[in-house]
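Keep the coordinates open as you read.

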Amino acid sequence: MTASPVQPASLPLLAGHASLDEPLAWRAGQALSRQRFLQDVHRLAPLLPQGGPVLPMTADRYQFALALGAAMARGQAALMPPNHTPDTVRRLQALFPSAYVLGDAAQPQLALPTLPYPPLDAGAAAPAPMVMVPASHEAAQVLTSGSTGEPMPHGKRWGQLVVNIEAEAQRISETLGRADLRGVTIVGTVPAHHMYGFESTVLIAMLGGAAFAAERPFYARDIARVLGSVPRPRVLVTTPLHLKTLLDDGVAMPQVDLVISATAALSPQLAARAETALGAPLMEIYGCTEAGQVATRLTTQAPEWRTYAGLVLSGDGEQSWVSGGHVPEPTRLADILEVLEPTRFRLLGRSNDLVNVAGKRSSLAHLNHHLNSIEGVRDGAFWLPPDGGGEAVVRLVALVVAPGLDRQAVLAALRERVDAAFLPRRILKVDSLPRDPTGKLPSGRLAELATRLLAESGHD
């Protein structure tokens with residue numbers, strides 16, 4: 001195991017070799033300096049209540065970063081749940097009795113003590129001192145939903161986040177052919193409160209020296225507008241679902257210098273299409289909530305992933321672990337990896353992704369790739385119903401968003417792509433799939449939708 005780096009007891013809120021006069025953020029084409037951010041943090045921190053953690057409810061990335069910085073200045077953490085459903089809020093109350101919301105007026109009201117974002121005077125002010133954060137401080141409580149829907153909290157210490165983001169900044173700089181990320185602007189389609197968006201849009205600016213666009217554009221025309229409002233070099237941080245939608249819309253984009261994708265592995269075909277359309281290389285990030293970011297690959301160049309500096313892998317073909325760098329203890333990964341070297345691997349699929357139908361094995365990711373490769377399919381996913389315990393073979397069901405295709409056309413296209421054992425017993429046409437804001441499709445939501453649609457159609 002590689003030893004974790006020795007750190008000072010306290011680390012700055014802003015790093016990355018950028019001067020405080022340089023932008024931390026851009027909003028509607030206007031720069032917000034790093035010094036302005038520190039001033040805003042010092043204005044906001046005394047207004048926060050005791051306790052915590054704070055749940056930032058805002059679509060503005062600068063406001064999110066401000067909540068994070070002010071909370072840490074008060075010795076608190078940012079709370080980052082997977083969603084804001086009433087059930088999740090009830091569980092948050094049980095896990096964090098002192099939690100409160102810092103919210104924009106436009107955001108939905110939650111059953112938690114709520115403080116609105118106060119107006120902060122942007123007038124002349126004395127330079128604000130740097131906020132120093134103990135390396136051991138839990139800066140964020142990130143929650144994921146397990147198979148039961150139970151939020152599982154993962155505390156993220158500031159020192160570990162700093163090491164992780166330093167490694168990410170080094171990899172992005174290397175890909176861009178730059179010494180560092182000063183002057184680079186991040187435009188993200190992903191929300192700041194999900195781990196990927198937190199790391200690759202907010203922290204990469206705070207700790208890596210880049211700047212981010214405060215807006216979170218979703219539709220193609222909005223992405224084009226926000227990209228056009230910020231200076232180059234520009235990095236688009238997105239997901240496979242957002243990227244496919246963007247390319248299908250065919251809207252002309254301003255020049256992009258790098259595309260970053262995560263949350264699910266991209267096919268080489270979609271990656272190549274994105275590079276051609278956007279005129280920029282595409283880099284994927286592999287990681288998980290438990291370990292943070294682990295590795296990257298340039299998808300069109302090679303299938304192998306390369307770990308960040310300091311991280312090493314071990315595995316026996318069935319289970320894999322990562323350690324070193326920002327991962328203080330060996331952490332088991334939920335995916336099946338082919339470990340080629342301690343710092344290089346191939347991703348074979350998730351350990352809970354494998355399906356066995358009539359004695360044949362495949363992965364849902366592989367099947368979903370072929371389903372979504374069909375021309376006219378905007379989105380789709382396979383679902384395997386639970387085994388009822390009888391002798392009948394359980395067959396897959398496919399849920400498909402494809403307004404211009406009938407079920408027979410989808411099935412005919414699948415016959416050309418997958419083994420007959422994995423052809424769906426039923427194809428359910430839907431208007432949309434219940435994905436979260438990063439494009440992930442929680443298995444529980446998919447099962448609920450499929451079960452309801454089958455019941456309504458008279459099939460079990």
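A helix axis here is a line fitted to C-alpha atoms over the stretch in contact, and an angle between two axes runs from 0 to 180 degrees between N-to-C directions. With that in hand, start with two helices. The model is a predicted one. Helix H4 spans residues 158–176, and helix H5 spans residues 195–206. They pack at an angle of about 80°, and their axes lie 10 Å apart. Angles of 65 to 115 degrees count as roughly perpendicular. H4 and H5 are therefore roughly perpendicular to each other.

Which residues of H4 and H5 meet? H4 brings Trp158, Leu161, Asn164, Ile165, Glu168, Ala169 and Ile172. H5 answers with Met195, Phe198, Glu199, Ser200, Leu203, Ile204 and Met206. Sorted by class, this contact has 10 nonpolar, two polar and two charged residues.

Now move to a pair with another geometry. Helix H1 covers residues 34–44, and helix H2 covers residues 61–73. Their axes come within 9 Å and cross at roughly 55°. The crossing of H1 and H2 is right-handed. On the H1 side, the contact uses Arg36, Phe37, Asp40, Val41 and Leu44. On the H2 side are Tyr62, Ala65, Leu66, Ala67, Gly69, Ala70 and Ala73. The residues of the H1 and H2 contact divide into nine nonpolar, one polar and two charged.

Next comes the backbone. Most residues other than glycine have a negative phi, and most peptide bonds are trans. Ala28 has a positive phi, near 50°, and is not a glycine. Ala28 sits in the loop between strand S2 (23–27) and strand S3 (30–33). Gly52 and Pro53 are joined by a cis peptide bond, with omega about 10°. Pro53 belongs to the loop that runs between H1 and strand S4 (54–57). Another cis bond leads from Arg232 to Pro233, where omega is near -5°. Pro233 is in the loop between H6 and strand S13 (234–238).

How many cavities of 30 Å³ or more does the structure hold? There is one. The largest cavity has a volume of about 60 Å³. Its lining consists of Phe218, Tyr219, Ala220, Ile223, His242, Thr245, Leu246 and Asp249. Helix H6 (220–229) and H7 each supply at least two residues of that lining. H7 gives the most, with four residues. By class, the cavity lining has five nonpolar, two polar and one charged residues.

Finish at the second largest pocket. About 480 Å³ of space lies in this pocket. Its lining counts 18 residues. Nearest its centre lie Phe218, Leu241, Thr245, Arg378 and Asp379. Which helix gives the largest share of the pocket lining? Helix H7 (residues 240–249) does, with six residues. The pocket lining divides into six nonpolar, three polar and nine charged residues.

Methods:
Residues are numbered from 1 along each chain as its sequence is written. This is a predicted model: local features need pLDDT of at least 70, side-chain atom pairs count only at pLDDT 80 or more; totals for chains, interfaces and linings use all residues. Side-chain values use heavy atoms; hydrogens and water are left out. On a 1 Å grid over the protein atoms alone, a cavity is a set of points where a 1.4 Å probe fits but cannot get out, and a pocket is an open set with protein on both sides within 12 Å along at least five of seven lines; lining residues have an atom within 4 Å of a point. Grid points are joined across faces, edges and corners, and a volume is the space filled by probe spheres set on the points. Ala, Val, Leu, Ile, Met, Phe, Trp, Tyr, Cys and Pro count as nonpolar, Asp, Glu, Lys and Arg as charged, and the others, Gly among them, as polar. A crossing is left-handed if the near helix is turned anticlockwise from the far one by less than a right angle, and right-handed if clockwise. Contact means heavy atoms within 4.5 Å. Angles under 35 degrees count as roughly parallel, over 145 as roughly antiparallel, 65 to 115 as roughly perpendicular and the rest as oblique.
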